[in-house]
Amino acid sequence: MKLIRTEDAVGHVLCHDITQIIRGEKKDAVFRKGHVVTKEDVPVLLSVGKEHLYIWENDASKLHENDAALILYDLCKNEHMRPSEIKEGKIELIAECDGLFAVDRDKLRRINALGEMMIACRHSGFPVHAGDKLAGMRVIPLVIEKEKMQRAKEAGGTEPVFALKPFIKKTAGIVTTGSEVYYGRIKDTFTPVVIEKFAEYGITVIGQELSDDDPNKTAAAIEKLLGMGAEIIVCTGGMSVDPDDKTPAAIRSVADTVITYGAPVLPGAMFLLAYTSTGVPVMGLPGCVMYAKRTVFDLVLPQVAAGERLAQKDFVRMGEGGLCLSCPVCTFPNCGFGK
């Protein structure tokens, strides 16, 4: 780049966007990179405070900010993301489908630690929808050494920094437990809540079975729904330590692996996750899912819907950020819960 007086820039090519900011009205470029400055442009440039300009001078050892941003984009994207228009040297990543956003945190930190470049993104492990903004990236100076961008490529490796995993689990079965519902003593108010949460991820309930507190009946109901082809099973109720709450025993009897019974999350401490021998997740939902706005179920369901198999270590990490503050206006997932 070469720095010259604005009055002397006529006929030269701008090497960066010129931004105009009017409080409460606009923040946008009045001239884009590559624009050839004319005599008529000079008063406009002066009016936005540009008494000096950088014009482009070729240097084989350096990259312009836009070209460097494209390198960062290539390091970050996967096949379910698209770029925004480059604006003021910045590219944003946009989701092209509903899915689970995942971040390779080590790679992200290595690239940001190089200096003179930045990548900012959403939290990993949370659901996004088509059209959502996922990340933004740019280099800090107007030009950067090619060697430094090569180091960014080496830090990024062969796999992208970000992944967007489409939701693939599309069918579910619900086992509603408890003698009070089984015998019609009270209305089932739990199932509608679960159906509504499934709908957030395009999951259709293909069957519901009622069971009293007999774990053998609950196990048989789970097996029936598995036979119908349910890709997710949830059991509502019977998850506490009361003597009549025997849902965990029923789930253990049909599961191949129990990942956890209990989670460091409030609401949702009595949550259970297990997998059958064919990999179908079976969840035991505590009563809080019925009345609390957001619970451990909201942290686990998007991962299950994307086909992720959770491990016990995933639940151990939930303790930090695992306390829902029950805000008067819920903004989940744009809050600290689960992060």
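Predicted model: local features only at pLDDT ≥ 70, side-chain atom pairs only at ≥ 80, totals over all residues.
Two strands are said to pair if DSSP finds at least two bridges between them.

Strand β6 and strand β7 (residues 91–95) run antiparallel and are joined by 3 bridges. Within this pairing, Pro-83 has Leu-93 of β7 as its bridge partner. The two strands belong to an open sheet of 4 strands, in which the order is β6-β7-β11-β9 and the pairing is antiparallel. At the edges stand β6 (81–83) and β9 (117–121), each of which pairs on one side only. From one strand to the next, the twist averages 20°.

A helix accompanies this sheet. Helix α2 packs on the sheet and touches β6, β7, β9 and β11 (133–139). The direction of α2 makes about 140° with that of β11. Helix α2 comprises residues 65–76, and Ala-68 lies in it. Is Ala-68 buried or exposed? Its relative accessibility is 0%, and a residue counts as buried under 20%; Ala-68 is therefore buried. Beyond its neighbours within four places in sequence, Ala-68 is in contact with Val-139, Ile-144 and Met-149. Ala-68 and Pro-83 are 15 residues apart in sequence, and their C-alpha atoms are 14 Å apart in space.

The next topic is the packing of helices against one another. Helix α6 (residues 190–199) and helix α10 (residues 296–305) have axes that come within 11 Å and cross at roughly 40°. Which residues make the contact? On the side of α6 they are Val-194, Lys-197 and Phe-198, and on the side of α10 they are Phe-297, Asp-298 and Leu-301. By class, this contact of α6 with α10 holds 4 nonpolar and 2 charged residues, and no polar ones.

Helix α6 also contains Thr-191. With a relative accessibility of 5%, Thr-191 counts as buried, because this value lies under the cut-off of 20%. Apart from residues up to four places away in sequence, Thr-191 touches Ile-174, Thr-176 and Gln-208.

Helix α7 (residues 215–227) and helix α8 (residues 247–254) pack at an angle of about 50°, and their axes are 8 Å apart. These helices, α7 and α8, are therefore oblique to each other. The crossing in which α7 passes α8 is right-handed. Helix α7 contributes Pro-215, Thr-218, Ala-219, Ile-222 and Glu-223 to the contact, while α8 contributes Ala-250, Ile-251, Ser-253 and Val-254. In this contact of α7 with α8 there are 6 nonpolar, 2 polar and 1 charged residues.

The last stop is Leu-325, in the segment after α11 (312–316). Is Leu-325 buried or exposed? The relative accessible area of Leu-325 is 65%, and a residue is exposed over 50%; Leu-325 therefore counts as exposed. Leu-325 and Gly-336 lie 11 residues apart along the chain, and 8.9 Å separates their C-alpha atoms.

Methods:
Residues numbered from 1 in each chain as written. Heavy atoms only, no water. Buried < 20%, exposed > 50% of the residue type's maximum accessible area, 1.4 Å probe, protein only. Contact = heavy atoms within 4.5 Å. Axes fitted to C-alpha atoms, helices over the stretch in contact; angles between N-to-C directions. Nonpolar A, V, L, I, M, F, W, Y, C, P; charged D, E, K, R; others polar. Parallel < 35°, antiparallel > 145°, perpendicular 65-115°, else oblique. Left-handed = near helix turned anticlockwise from the far one by under 90°.
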